[in-house]
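I am opening my notebook on a structure that is new to me, and I mean to write down each thing as I look it up.

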Amino acid sequence: MDTLRALSARLEEASATLAALSRTVTASDPAQVAFGADAPRPPRRDRPCPAPAVGAATDDRAREA
């Protein structure tokens with residue numbers, strides 16, 4: 001029984017350590033802006049599909065639907 005209590009204590013200590021580490025790591029995360037979250041999207045290009053076979057297959061499925 002003492003072995004289980006010791007194991008439980010070690011798990012509690014490890015849990016507390018991981019919780020503290022999690023708070024520390026996430027506190028230093030860069031903001032979303034650092035990854036371009038607020039950047040404007042590139043303009044959409046309306047041009048034909050680069051692979052004619054894919055375009056033809058898509059057209060065929062659209063007609064079937």
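I began with L4, and I found its place in helix α1, which takes in residues 2–27. I keep in mind throughout that this is a predicted model.

Is L4 buried or exposed? I looked up its relative accessibility, which is 56%, and because exposed means over 50%, L4 counts as exposed. I then noted that L4 belongs to a nonpolar surface patch of about 460 Å², which it makes together with M1, L7 and L11.

Next I turned to charged side chains and asked which residue meets R5 in a salt bridge. R5 and D2 are three residues apart in helix α1, so about one helical turn separates them.

Last, I looked at the chain as a whole, and I wrote down two helices and zero strands. Of its 65 residues, 2% count as buried. The accessible surface of the chain comes to about 6,400 Å², and carbon and sulfur atoms account for 59% of that surface.

How values were computed
Residues numbered from 1 in each chain as written. Predicted model: local features only at pLDDT ≥ 70, side-chain atom pairs only at ≥ 80, totals over all residues. Heavy atoms only, no water. Patch = residues over 30% accessible without salt bridge, like charges linked within 9 Å, V, L, I, M, F, W, Y side chains within 5 Å. Areas by Shrake-Rupley, 256 points an atom, 1.4 Å probe, with all protein chains shown as cover. Salt bridge = Lys/Arg side-chain N within 4 Å of Asp/Glu carboxyl O. Helix = DSSP H or I, 4+ residues; strand = E, 2+ residues; numbered from the N terminus. Buried < 20%, exposed > 50% of the residue type's maximum accessible area, 1.4 Å probe, protein only.
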